Amino acid sequence: MHSSGFLAIKTYNLSLADNDIFIDQYFNPNTEDEVKAGDYVVIELTDNGVGILAENINKIFDPFFSTKEVGAGIGLGLSTAYGIIKQTGGHILVRSIVDCGTTFIILLPKTNDDICVVQEEDVNNAAKDLTGNESILVVEDEEAVRNLVANILRNKGYKVIAADSANEALDYLRNGLKIDILITDVAMPGMKGTKLVLEIKKIMPHIKAILMSGYTADNLDEFEMSK
């Protein structure tokens with residue numbers, strides 16, 4: 001938006017039929033994931049901002065895609081929202097007109113199951129101690145993400161070594177660095193995180209590894225978890 005504008009948020013129930021024309025008004029970022037007929041709860045968000053250019057609309061859900069100035073954002077907001085919504089079996093669609101505004105709709109499958117009320121004591125009992133003192137190697141090419149992950153872990157007591165590429169991480173280990181856990185991004189320039197894990201296992205066969213990504217689990221198919 002410019003200096004001022006409006007943002008409208010609506011919720012409503014929606015029943016979709018097969019080939020419903022309602023869906024045709026919106027762009028679906030995943031054409032292979034058809035919005036099926038059924039009952040949905042919809043969250044609709046509309047603004048009167050500058051809109052999204054046609055050449056950008058098919059990229060807005062990609063991790064790290066951003067049209068903002070450097071330092072104003074890292075482009076993870078929509079990709080994170082997309083991932084969370086997909087994990088619930090839902091969909092997020094968008095419609096935008098340049099200089100008029102944008103509408104996002106989130107469709108969540110409606111359920112008739114009984115509501116489960118979580119008691120406060122259950123929440124307290126579920127809380128876990130996340131502190132530790134292990135040595136963790138964090139590998140991430142995006143500086144903002146790398147610093148964020150490293151700072152969160154350090155605040156929990158962990159010893160953190162950060163690397164901006166797979167090659168830098170391997171250099172650390174080949175020069176004698178000892179670590180307990182590896183945390184690596186999957187999609188990096190050069191060697192991918194999945195390949196990095198396999199290379200590090202040649203040096204430290206029993207290393208525990210965590211793969212992180214703004215992409216969905218489909219992008220991890222190349223990695224054999226049994227290794």
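Visitor: What does UniProt place at Asp-185?

Guide: In this predicted model, Asp-185 carries the feature "modified residue: 4-aspartylphosphate", which comes from an unreviewed UniProt entry. The residue is found in strand E7, residues 181-185.

Visitor: Why is Asp-185 called buried?

Guide: The relative accessible area of Asp-185 is 3%. Buried means under 20%, so Asp-185 is buried.

Visitor: Which residues is Asp-185 in contact with, leaving aside its neighbours within four places in sequence?

Guide: They are Val-139, Glu-140, Asp-141, Gly-193, Met-212 and Ser-213. The criterion for such a contact is heavy atoms within 4.5 Å.

Visitor: What makes the buried residues of H4 lie on the same side of the helix?

Guide: Helix H4 spans residues 166-174, and Ala-166, Ala-169, Leu-170 and Leu-173 are buried there. These residues cover an arc of only 95° around the axis, which puts them on the same side of H4. They pack against strand E5 (135-139), strand E6 (159-163) and helix H5 (193-203). H4 is followed by Gly-176, whose phi is positive, near 105°.

Visitor: Why are H4 and H5 called roughly parallel?

Guide: Two packed helices are described by the angle between their axes and the distance between the axes. For H4 and H5, the axes come within 11 Å and cross at roughly 5°. Angles under 35 degrees count as roughly parallel, and H4 and H5 are therefore roughly parallel to each other. On the H4 side the contact is made by Ala-166, Ala-169, Leu-170, Leu-173 and Arg-174, and on the H5 side by Leu-196, Glu-199, Ile-200 and Ile-203.

Visitor: What makes E1 and E3 the edge strands of their sheet?

Guide: The sheet is open and consists of 4 strands in the order E1-E2-E4-E3, with antiparallel pairing. Strand E1 (7-16) and strand E3 (91-97) each pair on one side only, and they are the edge strands. On average, neighbouring strands of this sheet are turned by 20° against each other, direction ignored.

Visitor: Which helix lies across E3 and E4, and at what angle to E3?

Guide: Helix H1 (residues 77-87) lies across E3 and strand E4 (101-109), running at about 140° to E3.

Key:
Residues are numbered from 1 along each chain as its sequence is written. This is a predicted model: local features need pLDDT of at least 70, side-chain atom pairs count only at pLDDT 80 or more; totals for chains, interfaces and linings use all residues. Side-chain values use heavy atoms; hydrogens and water are left out. Buried means under 20% relative accessible area, exposed over 50%, partly exposed in between (1.4 Å probe, protein chains only). Helices (H or I, at least four residues) and strands (E, at least two) are DSSP runs, numbered from the N terminus. The arc is that of the directions from the helix axis to the C-beta atoms. Two strands pair if DSSP finds at least two bridges between them. Axes are lines fitted to C-alpha atoms, for helices over the stretch in contact, and angles run from 0 to 180 degrees between N-to-C directions. UniProt positions are given in the numbering used here, feature names are shortened, and annotations may be inferred rather than shown by experiment. Angles under 35 degrees count as roughly parallel, over 145 as roughly antiparallel, 65 to 115 as roughly perpendicular and the rest as oblique.
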